[in-house]
Amino acid sequence: MKTKNTTIALPNNSRNVKHAMINFLFLAFAALILGSCSKNDDNDIDFDKIIDGEELKLNIKVNRIEAKQAYTVDAETGGEVNGEEGTILYFPANSFLDQNGDPVTGDVDIELVEIYNKAKMLLTKMPTNGRRPNGDVETLVSGGEFFVNATQDGQQLQLANAFQLFAPAEEFDDEMRIFNGQNKDCDGNDVECDVVWEEDEQGGLEPMQREGPDGTGVTGYGGFLSNFGWTNIDRWYSDPRPKTVLYVDPPAGYDNTNSNVYISYDGEPTALALLDIYNTETGLFSEHYGLIPIGLEVHIIFVSVQDGQYVYAIQGATVEENHIEVIGATSTGTEAELVALINALP
C-alpha cells in the first residue's frame with residue numbers, strides 16, 4: 001500500500017503577480033467547464049482531477065511568461081541585448097524583415113528567456129530531452145537553453161541574417177553543439193510550446209570572451225542563430241555501461257495528466273530528463289528506448305500542483321536493470337522550497 005505524508009506550508013499573505021495570473025486563468029477555465037456541463041449528466045466529470053492537471057499546466061505557462069525579459073534595439077543600426085544571467089545577443093544592422101519580406105525600421109522588441117539550471121528547467125518544463133536523427137530520444141547535458149523572438153507593434157518579424165548568441169561558461173566543452181527546439185504541432189516562436197531538442201547540423205560553437213556587466217572578462221560559447229524560438233547548447237550524455245528502461249510508479253491518483261516525472265543525473269548540473277512515456281495499463285512513467293545506464297546514480301523528481309502549492313517527491317536511486325521506482329511519501333510546499341531542494345541536488 002502506498003503511503004502519503006503531507007507537509008503543509010502556510011501560504012504567504014502577499015499576493016504576487018504570478019498568483020494573480022494563475023488564479024485568473026484557473027477561474028476562467030473552471031467557469032468554461034461549469035458553463036458547458038449539466039448537473040444531470042450521467043458522465044459527470046471528475047473536477048478534482050481536471051483542476052489538478054490544469055493547475056500544473058497553468059503554472060508552467062506562467063513560469064515561462066514570467067521568465068521572458070524585454071529589450072529594444074534599433075532595426076537599422078542593430079545592437080546588443082544583455083540578459084540578466086549573462087547571455088548576450090548581438091543583432092547586426094538591418095537584421096529584421098516584416099512578414100512581407102521588407103526591411104524593418106525603427107525600434108524592435110526583443111524577448112529573451114535564459115535557462116541555466118535544473119530548477120528553472122523543471123518549473124518551465126524545458127527538460128534536456130534530445131532526439132537523434134533516427135528518432136531515438138536521449139538525454140542531453142545543457143550549456144544553456146534560450147528563447148529569442150522579435151516583434152514590432154505586436155507583429156512577428158523574420159530574420160534577414162543570423163544573429164550572434166553568447167552564453168557564459170566556466171570552461172569550454174568542444175562536444176557542445178547547437179540544438180533547436182522542435183514541435184511540428186506548435187509555432188516555433190511561441191514561448192509556451194513544448195519542444196524536443198534536435199541538433200542543428202549547420203550551427204557551430206566556438207570559445208569566446210566578452211566583457212561582463214562589471215567590466216571583467218567572461219568566457220563562454222559563441223555561435224550564430226538563424227531562427228527565432230527555442231535554442232539549446234548541448235552535448236549528448238554518454239555512458240558506456242549497459243542500458244535499461246527506468247519506470248516510475250507515481251502516487252495513487254496521479255498520471256501524465258496531472259503530474260510530471262523527471263530524472264536528475266547526479267554529477268551533471270544541467271542534465272534533467274523528462275519521463276514522457278506513460279502507460280495507462282500499468283500506471284507507470286518511463287523513457288523511450290531503454291537508454292538509462294545501469295548503475296547510474298540519479299534523483300527521481302515527481303511534481304504536481306494542488307491548490308497553489310507544489311506537491312513533490314525527490315528520491316535518490318541507483319539504477320538497476322528494469323528499475324521500478326515507487327514514489328512513496330510526498331511533500332507539499334512553495335515554489336521557493338522546491339527550487340532550493342533541486343538546487344541542492346548533487
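Q: Which residues are linked with Arg-64 in a network of salt bridges?
A: Side chains of opposite charge can pair when their charged atoms come close. In this predicted model, Arg-64 is linked with Lys-125 and Asp-194 in such a network.

Q: How many salt bridges does the structure hold?
A: The structure holds twelve. One of them joins the side chains of Lys-68 and Glu-111, with an N to O distance of 3.3 Å.

Q: What does the pair of Lys-68 and Glu-111 tie together?
A: To answer that, place each residue in its element. Lys-68 lies in the loop between helix 2 (47–67) and strand 1 (69–74), while Glu-111 belongs to strand 5 (residues 107–115). The pair therefore ties together parts that are 43 residues apart in sequence.

Q: Are Lys-68 and Glu-111 buried, partly exposed or exposed?
A: Read the relative accessible area against the cut-offs: under 20% is buried, over 50% is exposed, and partly exposed lies in between. Lys-68 has a value of 29%, so this residue is partly exposed. Glu-111 has 24% and is therefore partly exposed.

Q: Which residue does Glu-268 form a salt bridge with?
A: The partner of Glu-268 is Arg-235, and their closest N and O atoms are 3.3 Å apart. Glu-268 sits in the loop between strand 18 (260–265) and strand 19 (272–274), and Arg-235 sits in strand 15 (residues 229–236), so this pair ties together parts 33 residues apart in sequence.

Q: Is Glu-268 buried or exposed, and what about Arg-235, buried or exposed?
A: Glu-268 is buried, at 17% relative accessibility. Arg-235 is buried too, with a relative accessible area of 16%.

Q: Which residue meets Glu-138 in a salt bridge?
A: The side chain of Arg-132 does, at 3.1 Å from N to O. Arg-132 has a relative accessible area of 28%, which means that this residue is partly exposed.

Q: How many bridges join strand 17 to strand 21?
A: Two bridges join strand 17 (residues 246–249) to strand 21 (residues 284–286), and these strands run antiparallel. Val-248 has Phe-285 in strand 21 as its bridge partner.

Technical notes: Residues numbered from 1 in each chain as written. Predicted model: local features only at pLDDT ≥ 70, side-chain atom pairs only at ≥ 80, totals over all residues. Heavy atoms only, no water. Salt bridge = Lys/Arg side-chain N within 4 Å of Asp/Glu carboxyl O. Helix = DSSP H or I, 4+ residues; strand = E, 2+ residues; numbered from the N terminus. Buried < 20%, exposed > 50% of the residue type's maximum accessible area, 1.4 Å probe, protein only. Pairing = 2+ DSSP bridges.
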